[in-house]
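Here is a short briefing to read alongside the model. Have the structure open as you go through the points below.

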Amino acid sequence: MTSRVIRLRAEDVSAFVNAATRCDFDINVAPQSYERDYVDAKSIVGVMSLNLQMPLVVSYTGSDPAFEGYLAAHATTEAS
């Protein structure tokens with residue numbers, strides 16, 4: 001499983017969910033300090049319910065260059 005720490009603004013959520021939806025693998029997202037409380041990254045309602053003022057940990061099981069490029073554009077630091 002790969003994890004990246006990103007920051008999203010409310011206006012970024014739709015593009016993030018669209019990028020996640022194009023992937024054929026599971027993607028979860030959670031506030032960095034509450035990684036056990038994750039939501040499906042392909043759910044706009046789930047992502048909008050997160051505290052977007054906090055860094056978000058995105059965890060995923062596959063590989064997609066376009067999605068990873070999107071994450072890189074919003075990355076703050078690598079997660080372990």
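Predicted model: local features only at pLDDT ≥ 70, side-chain atom pairs only at ≥ 80, totals over all residues.

**Around serine 59**
- The side chain of serine 59 makes a polar contact with the side chain of serine 3, at 3.1 Å.
- Leaving out residues up to four places away in sequence, serine 59 touches Met1, Thr2, Ser3, Asp26, Ile27 and Asn28.

**The largest nonpolar core**
- This core has 22 residues, and those touching the most other members are Leu8, Phe16, Ile27, Val29, Val58 and Phe67.
- Two or more core residues come from each of helix H1 (13–21), strand E2 (27–31), strand E4 (56–60) and helix H3 (65–74).
- H1 is the biggest contributor to this core, giving five residues.
- Beyond its neighbours within four places in sequence, leucine 8 is in contact with Phe16, Val47, Leu52, Leu56, Tyr70 and His74.

**A nonpolar patch on the surface**
- Ile44, Val45 and Met48 form this patch, and together they have about 290 Å² of accessible area.
- Methionine 48 belongs to helix H2, which covers residues 44–48.

How values were computed: Residues numbered from 1 in each chain as written. Heavy atoms only, no water. Core = buried A, V, L, I, M, F, W, Y, C linked by side-chain atoms within 4.5 Å. Buried < 20%, exposed > 50% of the residue type's maximum accessible area, 1.4 Å probe, protein only. Helix = DSSP H or I, 4+ residues; strand = E, 2+ residues; numbered from the N terminus. Contact = heavy atoms within 4.5 Å. Patch = residues over 30% accessible without salt bridge, like charges linked within 9 Å, V, L, I, M, F, W, Y side chains within 5 Å. Areas by Shrake-Rupley, 256 points an atom, 1.4 Å probe, with all protein chains shown as cover. Salt bridge = Lys/Arg side-chain N within 4 Å of Asp/Glu carboxyl O. Polar contact = N/O pair within 3.5 Å; in protein donor to acceptor, adjacent residues only side chain to side chain.
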